[in-house]
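Please look over the sequence and the model shown here, and then read the briefing below, which is grouped by topic.

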Amino acid sequence: MEYIKVAKVDNVILHKKGQPLIGTLHLTTHHLIFTSNLISKEFWFPYPLIASVFRNNGSALISKIDSQNNIINNNSKIIKKEKNKPLIETLKWYENVDIWSMTNIKIIGKDYTIFSLDFINQTNSKDVFESLINLTVLTSVTTLYAFIYQPNDLELKFNSWKLYNPITDFERQGLRFNHDNCPWRVSTINIDYKFCPTYPNTLVVPKIISDTILNHTANYRSKNRIPTLCYYYKRTHGSISRSSQPLPGITKQRSLQDERLVSAIFQCSNDYNINKKDDNNNNIIVDARPMANAIAQTALGGGTENMDNYNFNHHCKRLFLGIDNIHVMSDTMSIFTESFLMDTDVNSELSPIMIHKKANHWLRSIKLILSSVDRLTKAIIFNNANLLVHCSDGWDRTSQVCSLIQLCLDPYYRTVEGFMILVEKDWISFGHKFMERSGHLSSTEIFHDNTTNFTSNLTSHTTDLLFGNNNTKDNKLISSDDAIDEFDTFEEVDDPENSLPVSSRSLKESGILGKVSDHWNKRVRRKANKRTLKFTSPIFQQFLDCVYQLIIQNPSSFEFNERFLLRLVYHLYSCQYGSFLFDCEHDLMESDAHNKTRSVWDYFRSRRDEFLNPNYSPINTNSQYNDPMVDDLEDWIQPDLNNVKWWWKLYGRKDVEMNAVPDDTFKKWNSSEGSDIANNIQTTNEDVTPNYNLIDQTKDLFSSFNIFSKK
């Protein structure tokens with residue numbers, strides 16, 4: 001078919017984690033598959049997982065040539081190690097091959113899987129490269145794998161689309177909407193998603209606020225994302241609400257309806273107890289952005305709250321968290337990947353000291369988020385605070401902060417089921433732009449062909465090599481000592497029933513390579529104009545990184561383990577399930593994903609035992625509500641800001657490679673970071689007057705460079 005120019009290529013060498021392996025490459029409609037008779041496992045890689053592709057002249061091993069133009073050679077050491085037969089056989093094959101006449105395709109995965117494929121025939125490599133473009137760059141979400149995925153028998157037992165119900169979760173938190181003294185109500189103003197397309201259809205707002213007021217308020221909030229309840233803390237009757245930024249603009253416009261709504265949200269905690277004094281409240285409007293960025297937004301019609309109008313008799317203050325926007329986070333991770341992970345296919349060693357010196361902005365951001373969460377969590381517990389959290393549009397940094405606070409406050413969200421509901425509520429339902437941030441439909445801009453003006457025909461020298469002429473130069477491969485380890489870098493396919501047979505013959509007989517489904521025929525040719533990926537950013541991954549830090553710092557407080565988070569990162573990009581394919585709940589419903597795809601939670605619930613933490617110490621999640629007067633119950637957790645580390649397993653590295661930094665370096669880093677974080681988090685009760693010179697310099701409109709564009 002025209003999309004797949006070549007479905008099968010023999011004698012392809014896969015380089016992954018420093019170990020070459022000869023085998024066969026297969027291109028199916030949704031997966032790149034590598035098989036080899038030398039091993040029993042297959043390597044499956046879904047196309048949406050591709051972050052960047054490079055087609056280069058020569059073998060991937062050329063990067064291991066030294067200054068004397070010789071390939072580093074530890075072959076003799078490897079041959080003595082008989083336990084790694086696949087590696088030995090591949091290296092022997094390489095001894096009679098001219099690596100300069102080959103072509104390689106390097107693929108960088110969004111989950112940081114990095115591998116290269118060496119091709120003897122350049123025509124094959126070109127066909128594979130062009131096929132990858134056709135198979136990766138799509139125009140419709142319905143052409144993704146999730147819409148034809150067939151679950152195994154274990155997953156069929158579950159229907160996790162019904163797992164989350166907003167009313168049920170709010171009632172679990174302690175709200176009783178049918179009680180007269182409940183100050184909150186369920187509004188159906190967004191039942192058809194016309195009021196705010198990016199919000200859930202069920203909104204919880206103060207009972208004294210009518211839908212008419214909500215309609216007026218929507219005009220004063222970006223994307224109509226009004227302040228609405230996302231968590232109720234029964235012990236103090238406090239609340240966490242979320243919204244987008246207000247729209248005062250340069251003219252400092254105000255909305256009396258918005259001010260009334262925010263005041264009513266803060267007042268709800270008092271309505272439960274008529275004897276509670278107002279001055280016991282420490283209401284906080286949390287702006288997750290840096291102050292300069294918030295000011296810059298006024299030039300674009302946005303901005304932040306004027307505290308002259310929102311201080312509510314000095315019972316409210318504002319807090320700027322200083323968390324960088326999506327473009328900074330995207331650039332930070334791109335630089336880290338390009339600088340430190342690009343050559344891990346041929347086993348380039350990492351320097352933890354260099355990582356901490358040149359790539360520590362990612363950890364700084366993690367530490368800043370956790371520091372903010374720690375401060376806000378304690379404000380709720382000890383100061384009876386109510387929070388209104390927003391950033392610019394309220395679907396990135398806002399989701400991170402709100403969900404992490406709840407994770408620290410509520411032990412239920414630290415269970416397997418509770419965490420699923422937390423993600424459903426604060427990420428999927430409240431409109432985190434999974435499609436846009438993940439770049440599921442991809443773009444041609446991530447494909448780079450560096451083989452121009454290079455012959456596309458097989459050289460006679462290489463032809464002689466392949467067909468038995470031994471009068472050739474003996475190029476020998478050098479492998480590092482790490483390559484001596486047993487060949488264990490290939491993962492089993494998650495679904496044994498849907499996995500391909502091991503041998504190429506049985507693979508062909510299975511019919512999967514020749515199958516062209518009606519689903520595939522519905523694919524349409526990509527648009528001529530390039531789709532931009534400048535709004536992609538690892539925001540949800542950053543949230544999971546924060547959760548990872550909490551898990552290793554509180555090892556008995558979570559029911560799920562690290563593998564749970566790792567597989568969640570994988571399925572964020574795999575497009576095997578429908579949960580993370582859309583930008584909001586409305587798009588998910590409009591695509592009928594509940595009926596046409598499976599929920600990602602089916603995967604985890606059907607394999608529950610794999611993701612359980614054996615050190616988990618459960619807490620009675622209802623105990624905090626039995627007696628609101630009990631204040632010494634230790635059911636909340638807090639981050640250890642001095643123990644923030646690289647999530648080394650996510651990047652496929654070793655702990656010692658990324659975190660083994662001398663103590664004095666760690667102390668210096670932690671000391672400097674502590675002062676930086678203190679400077680980033682700013683509290684103010686005063687109005688922020690725009691400085692238009694500052695606006696020109698600090699506009700929140702960073703243009704992110706294309707991922708790995710320098711390569």
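**The sheet and its surroundings**

R55 stands opposite D449 in β15. The structure is a predicted model, in which local features need pLDDT of at least 70 and side-chain atom pairs count only at pLDDT 80 or more, whereas totals for chains, interfaces and linings use all residues. Residues are numbered from 1 along each chain as its sequence is written, and side-chain values use heavy atoms, with hydrogens and water left out. Helices (H or I, at least four residues) and strands (E, at least two) are DSSP runs, numbered from the N terminus.

*Sheet*

- Strand β5 (residues 50–57) pairs with β15 in the parallel sense over 3 bridges, where pairing requires that DSSP finds at least two bridges between two strands.
- An open sheet of mixed pairing is formed by 8 strands, in the order β4-β3-β2-β1-β7-β6-β5-β15.
- Its edge strands, each of which pairs on one side only, are β4 (43–46) and β15.
- On average, neighbouring strands of this sheet are turned by 25° against each other, direction ignored, the axes being lines fitted to C-alpha atoms, for helices over the stretch in contact, and angles running from 0 to 180 degrees between N-to-C directions.
- Helix α3 (residues 122–136) packs on the sheet and touches β1 (8–16), β2 (19–27), β3 (31–35), β5, β6 (103–109), β7 (114–119) and β15, while its direction makes about 25° with that of β6; contact means heavy atoms within 4.5 Å.

- The loop between α15 (434–438) and β15 (447–449) contains I446, a residue that is buried at a relative accessible area of 2% (buried means under 20% relative accessible area, with a 1.4 Å probe and protein chains only).
- Although I446 and V137 are 309 residues apart along the chain, their C-alpha atoms are separated by 9.6 Å.

- S187 belongs to strand β8 (residues 184–187) and counts as buried, with 1% relative accessibility.
- The side chains of S187 and D211 are joined by a polar contact of 3.0 Å, a term for a pair of N or O atoms within 3.5 Å of which, within protein, one must be able to donate a hydrogen and the other to accept it, residues adjacent in sequence counting only if both atoms are side-chain atoms.
- A polar atom of the S187 side chain also lies 3.2 Å from the backbone nitrogen of I189.
- Not counting residues up to four places away in sequence, S187 touches N201, T202, L203, V205, D211 and L214.
- In helix α6 (residues 211–218), the buried residues are I213, L214, T217 and A218.
- These residues cover an arc of only 140° around the axis, and therefore lie on the same side of α6; the arc is that of the directions from the helix axis to the C-beta atoms.

Methods
Buried < 20%, exposed > 50% of the residue type's maximum accessible area, 1.4 Å probe, protein only.
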